[in-house]
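Hello,

Here is the structure we talked about handing over. My notes on it follow below.

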Amino acid sequence: MLGVCYYPEHWPESIWQQDAEQMKELGLQYVRIGEFCWSRIEPEDGQFDFAWLDKSIEILAAQGLKVIFGTPTATPPKWLIDKYDDILPVDVNTGLTRGFGSRRHYDYSSENYLREALRISEVLVKRYGKHEAVVGWQTDNELSCHDTTLSASPAALKAFQTWCEQRYKTIEALNKAWGNVFWSMEYNNFQQIEVPFMAVTETNPAHRLAYQRFSSDQVIRFHRLTIELIREHAPGKFITHNFIPMDDTDVDNFALAKGLDFVSFDNYPLGRSDLFFSGDDRHKIAKYQRTGHPDYSSYFFDQVRGLSMGDFWIMEQQPGPVNWAQNNPRPENGMVRLWSLVAFAHGAECVCYFRWRQIPYAQEQMHAGVLRNDSSKARAWFEAQEVFEDLKQLDLSSPALPENRVAILTDADGRWVSRIEQQGVAYDFEKVEFAYYSALRQLGLNVDFVSQESDFSQYDLIIAPCLPVISDEFIFACKNSSAKWIFGPRSGSKTLDFNLPENLAPGKLQTLIPAKVLSVETTHKDLQEVMHYAGKEYTSWGWREELDAGLSQITATYQNGSPAILQHQNINYIACLVSDEFLMDYFESLCSELSIPTVRTPEDIRLARRGQYTFAFNYGNKATELDNVADKEFVIGSGSVPAYGLSVWIN
Ligand code: GAL
């Protein structure tokens, strides 16, 4: 299924009809509208204008298009901001109020805003909730984007103090849990607690982790109340939310996804790759600047599928150059089609393009659309047309995905702990997780993402690149699991309140693997050292833990001969950052022990399996011949995958 994001309020009424007809002509079924239109439906407090909206929905509906309505709460209008003095959030780095004039200018702790957001959402959902053409709802837009999870406002601080009181009960317990005796940081009562920002030097990591968890809870509260409201007034309609890349949200994404019918994702492979690889590893995307790194989008698709517990949607797909990254290249011809098919291969049910027509004014005037601003057809039109034809060749109805055998375990605490206490500049949670993921994908493996609470029974190999805070329930689940587990460095290294475990790292993991971390060093990224594994030399870099191997078996050693990787029964512990080459060899050998088939794909090729199909995607500029497919029945393409193209065959 295909769709598009559309803003009738940006265009003269005279072209709405033609727009709807052209959407139909292109084979689109879904149109998302509404998520930024608050000032047009309620231009003044309590004065509503629905005539234009009613009409535009009717025009779309008359063409058989199905509407997804976005609650417009990401853009509170000026009159509302002026009416209350607590809606705008406060920047945690400067303490300055963030102003009106763009979007997401609201504080999750403002009770006034929460009430107003629910009010406007209720007005809309009561009016359109039972409208036949409005088949689903999107909550807000990209919650927590633009660094809006954390705020240092008085309202946020007050709510945080209450949150602390509920969690720790007495101030003595909080002081003890956070270690506030250090540097005389002790509080006498909950009202004395400050936000953990703008101090002279670093603030207590336990305080920061608590503020992070609290802020995430505030986003989730806002979201849960919006979902409940829509459920009440739009029975039988789906509710989704368009997530941004998990590394950018600052919230517990698993908790945020609860209550939705499915999760959606906004896919901007070029803009986002440019930000993700903007540091020392820029070279990794040098050749992929017009395609996106071959594992980048799917890294998020697979996470979104995990959040969604099944099929997901792409609510926004980049159709050409965007306007907001440091550099905004054009996609190579073929990439809009390829990205769309990658999404379907990884479990998408629908892909919607953002946006229908390039807008000639305001912030996003340099952002491509399916149409140019003079309504002529841009490249994305023709590629969406190809996707429509591709989809006719495929039956993606069911089952969505095979029972994958390999999973990566991820969680919000891992991201927060390693950001709050980076310890060495070389350590970056997402880069570490991405490296593990990319190695698995280059072995042709389908990968699921799971959390500590997941059911692990379907998996044979589960990899936790960084799991500092571990629950007792999780340890229990591991003990009952026959899967092979791999834990990366830092796992088990913190208590719930950001202290070192009394029995040393890896803390609770010691009940699974008898070993201790004696010390941790971080070094410059370029100072790589030899690591010995299975008779070969690899490298370790950036982060190295000194281990007491105890009764565990030593699988790999550092340059100086001391243990770098340990194994005890089905549990493995990697104590350092390692090269991509090592990860591939290591995972390959573990998979072979588990009889999980792997295939080393050519550098620019990626495989994905969905239902009865295997997809091969070529991110390179040359046609590539695939091995061992001569006897396959091809549904799209052939054994020679064209540059920036794809082939699909029956398994
Ligand atoms: C998304 C956002 C859209 C639009 C788009 C531009 O993150 O949801 O509203 O701004 O980016 O690429």
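**Notes on the model**

V181 sits in the loop that runs between α7 (171-178) and α8 (205-233). Please keep in mind that this is a predicted model.

V181 is exposed, because its relative accessibility is 61%. Together with F182 and W183, V181 makes up a nonpolar surface patch whose accessible area is about 380 Å² in total.

**Backbone**

Most peptide bonds are trans, and most residues other than glycine have a negative phi. The following places depart from that pattern.

- F354 and R355 are joined by a cis peptide bond with an omega of about 5°. R355 belongs to the loop between β9 (348-353) and α14 (379-393).
- The bond from A505 to P506 is also cis, with omega near 5°. P506 is found in the loop between β13 (484-487) and β14 (516-522).
- S144 is not a glycine, yet has a positive phi of about 75°. Its loop lies between β4 (134-138) and α6 (154-168). With 1% relative accessibility, S144 is buried.
- K169, a residue other than glycine, has a positive phi near 65°. The loop holding K169 lies between α6 and α7. K169 is exposed, at a relative accessible area of 59%.

**Cavities**

How many cavities of 30 Å³ or more does the structure hold? There are four. The largest cavity contains about 90 Å³ of space. Its lining consists of M246, V251, D252, N253, F254, Q303, L307, T410, D411, A412, R415 and F449. Sorted by class, that lining has six nonpolar, three polar and three charged residues. Three helices, α9 (253-257), α12 (296-308) and α15 (412-420), each contribute at least two residues to the lining of the largest cavity.

**Salt bridges**

Side chains of opposite charge can pair when their charged atoms come close. Searching the whole structure gives 43 salt bridges. A few of them are described here.

D302 pairs with R305, and their closest N and O atoms are 2.7 Å apart. D302 and R305 are about one helical turn apart, because three residues separate their positions in helix α12. Both D302 and R305 are buried.

E383 and R379 form another salt bridge, with 2.8 Å between the closest N and O atoms. These two are four residues apart in helix α14, so about one helical turn separates E383 from R379. Is E383 buried or exposed? E383 is buried, with a relative accessible area of 1%, while R379 is partly exposed at 41%.

The side chains of R544 and E521 meet in a salt bridge with an N to O distance of 3.3 Å. R544 is in strand β16 (residues 536-548) and E521 is in strand β14, so this pair ties together parts that lie 23 residues apart in sequence. R544 is buried at 4% relative accessibility, whereas E521 is partly exposed at 38%.

Regards

Key
Residues are numbered from 1 along each chain as its sequence is written. This is a predicted model: local features need pLDDT of at least 70, side-chain atom pairs count only at pLDDT 80 or more; totals for chains, interfaces and linings use all residues. Side-chain values use heavy atoms; hydrogens and water are left out. Patches are made of residues with over 30% relative accessible area and no salt bridge: like charges are joined within 9 Å, nonpolar side chains (Val, Leu, Ile, Met, Phe, Trp, Tyr) within 5 Å. Accessible areas come from the Shrake-Rupley method with a 1.4 Å probe; for residues, only the protein chains shown count as cover. A salt bridge is a side-chain nitrogen of Lys or Arg within 4 Å of a carboxyl oxygen of Asp or Glu. Buried means under 20% relative accessible area, exposed over 50%, partly exposed in between (1.4 Å probe, protein chains only). On a 1 Å grid over the protein atoms alone, a cavity is a set of points where a 1.4 Å probe fits but cannot get out, and a pocket is an open set with protein on both sides within 12 Å along at least five of seven lines; lining residues have an atom within 4 Å of a point. Grid points are joined across faces, edges and corners, and a volume is the space filled by probe spheres set on the points. Ala, Val, Leu, Ile, Met, Phe, Trp, Tyr, Cys and Pro count as nonpolar, Asp, Glu, Lys and Arg as charged, and the others, Gly among them, as polar.
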